[in-house]
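Subject: Structure handover

Hello,

Here is the structure I promised to pass on. Please open it alongside this email.

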Amino acid sequence: MSLFTKVDELRSEFKQALASSPALSDLEQIRQQYLGRKGVLNDLFKQIKDVEPSRKGEFGNLVNQLKQEIQDGVDTLSSKMVKGTEASSGLDVSLPGVHYQRGSLHPIEQTMRDMKRIFHRLGFAVAEGPEIETQWHNFDALNFPPEHPARDMQDTFFLNNGSVLRTHTSPVQIRLMLAEQPPIRSIMPGRVYRNEAIDAGHYCLFHQIEGLYVDENVTLGELKATLELFCREYFGADVKLRFRPSFFPFTEPSNEVDVTCFLCRGKGCRVCKQTGWLEIGGCGMVDPNVFRSVNYDSEKYTGYAFGMGVERIAMLKYGINDIRLFFENDVRFLKQF
Ligand code: PHE
């Protein structure tokens, strides 16, 4: 048989082998058998010396062509088979990857952590207390007279047993002072509840961070310096602070705390209602009557307290115009933080 016929024969053998639907491992064997170092095609190449000189080139071309056909045949079939396996197992390695949504902290939690971190550096510990309070802790011990309007059904959620949902974090001051002797330097973060008409600026629950510092010779100047430092850290180095006289039953004197609007830097804009100032909380020197209700010596100790609304601070910082967004938990809102 001539070597030329041999080439044709090998081709049809190979085609048959491919047509016999080999397994993937068989296919690899076929590749070795034809194209391997000791394979059939290399044998053929070696026999080129037996071809008559004038047809050596023609023979070489034929064998090369067959080699290419075998290569292509094996490649095509094997890639088809791999894809088939993927399809039948539901696997498609060419699909784009699945993106997992990463969760993040709620903006109120983030704001509280940022605030806590600053007070931590100023030497404040963290204290917590119950959200269901006695009226004594929430009002009486804080020097609210029995007829004070804040006890009114309008503001306070009363429980059937006479307890209340705390309307501020100040009762934690009372619990802390009952439990520990001065010096006390602590912040008290937590949820508070008020029975208010709900609108863009008011919600029936929100968060406060309260601060209390009690020792000998604590002054109003220290209070102002501490809040100033906090505001500079939180809102920016160029922010200014303003105390406005106010009233709280548990502090005397009492102040409302304003910072310069960081949007317009005091010039006046929509956010600060053209005043250049934004209110962030209340503060004052602890009223001696409060010390009396926790059996502290009001002649020996003085102290300051402050309270800030966390939602309000977050709204100012992030330019959020509706407090309800914090409680609806719409992912499109939360995703932005
Ligand atoms: N407890 C006050 C309030 O909720 C805020 C406050 C705290 C004011 C501490 C003065 C000192 O309105």
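This is a predicted model: local features need pLDDT of at least 70, side-chain atom pairs count only at pLDDT 80 or more; totals for chains, interfaces and linings use all residues.

**The ligand site**

The shell around the ligand holds 13 residues. His168, Ser170, Arg194, Gln208 and Phe306 come nearest. For His168, a side-chain N or O atom is 3.1 Å from a ligand nitrogen. Ser170 also faces a ligand nitrogen, with a polar side-chain atom 3.0 Å away. Arg194 is placed against a ligand oxygen instead: an N or O atom of the Arg194 side chain lies 2.9 Å from that oxygen. On its own the ligand has 320 Å² of accessible area, and the protein covers 90% of that.

Where does the shell come from? Strand 5 (205-215), strand 8 (277-286) and strand 9 (302-309) each give at least two residues. Strand 9 has the largest share, with three residues. By class, the shell has five nonpolar, six polar and two charged residues.

**Helix 4 and its partners**

Helix 4 spans residues 56-88. Look at helix 1 and helix 2 against it.

Helix 1 covers residues 3-19. The axes of helix 1 and helix 4 come within 10 Å and cross at roughly 5°. Helix 1 is therefore roughly parallel to helix 4. On the helix 1 side, the contact uses Leu3, Phe4, Val7, Leu10, Arg11, Phe14 and Leu18. On the helix 4 side, the residues include Phe59, Leu62, Leu66, Ile70 and Leu77. The contact of helix 1 with helix 4 counts 13 nonpolar, two polar and three charged residues.

Helix 2 covers residues 24-35. The axes of helix 2 and helix 4 also come within 10 Å, but the crossing angle is roughly 170°. So these two helices run roughly antiparallel. Helix 2 brings Leu24, Leu27, Arg31, Tyr34 and Leu35 to the contact. The classes here are nine nonpolar, two polar and three charged.

**Helix 5 against helix 10**

Helix 5 (residues 107-121) and helix 10 (residues 310-318) pack at about 95°, with their axes 10 Å apart. That makes helix 5 roughly perpendicular to helix 10. Helix 5 contributes Ile108, Gln110, Thr111, Met112, Asp114 and Met115. Helix 10 contributes Val310, Glu311, Ile313, Ala314 and Tyr318. Seven of the contact residues are nonpolar, two are polar and two are charged.

**Backbone points to check**

- Pro182 and Pro183 are joined by a cis peptide bond, with omega about 0°. Pro183 sits in the loop between helix 7 (170-179) and strand 4 (184-193).
- Glu252 and Pro253 are also joined by a cis peptide bond, with omega about -5°. Pro253 is part of strand 7 (residues 251-260).
- Ser21 has a positive phi of about 40°, although Ser21 is not a glycine. Ser21 belongs to the loop between helix 1 and helix 2.

Best wishes

Technical notes:
Residues are numbered from 1 along each chain as its sequence is written. Side-chain values use heavy atoms; hydrogens and water are left out. Axes are lines fitted to C-alpha atoms, for helices over the stretch in contact, and angles run from 0 to 180 degrees between N-to-C directions. Helices (H or I, at least four residues) and strands (E, at least two) are DSSP runs, numbered from the N terminus. Angles under 35 degrees count as roughly parallel, over 145 as roughly antiparallel, 65 to 115 as roughly perpendicular and the rest as oblique. Contact means heavy atoms within 4.5 Å. Ala, Val, Leu, Ile, Met, Phe, Trp, Tyr, Cys and Pro count as nonpolar, Asp, Glu, Lys and Arg as charged, and the others, Gly among them, as polar. A residue is near a molecule or strand if one of its heavy atoms lies within 4 Å of it. A polar contact is a pair of N or O atoms within 3.5 Å; within protein, one must be able to donate a hydrogen and the other to accept it, and residues adjacent in sequence count only if both atoms are side-chain atoms. Accessible areas come from the Shrake-Rupley method with a 1.4 Å probe; for residues, only the protein chains shown count as cover.
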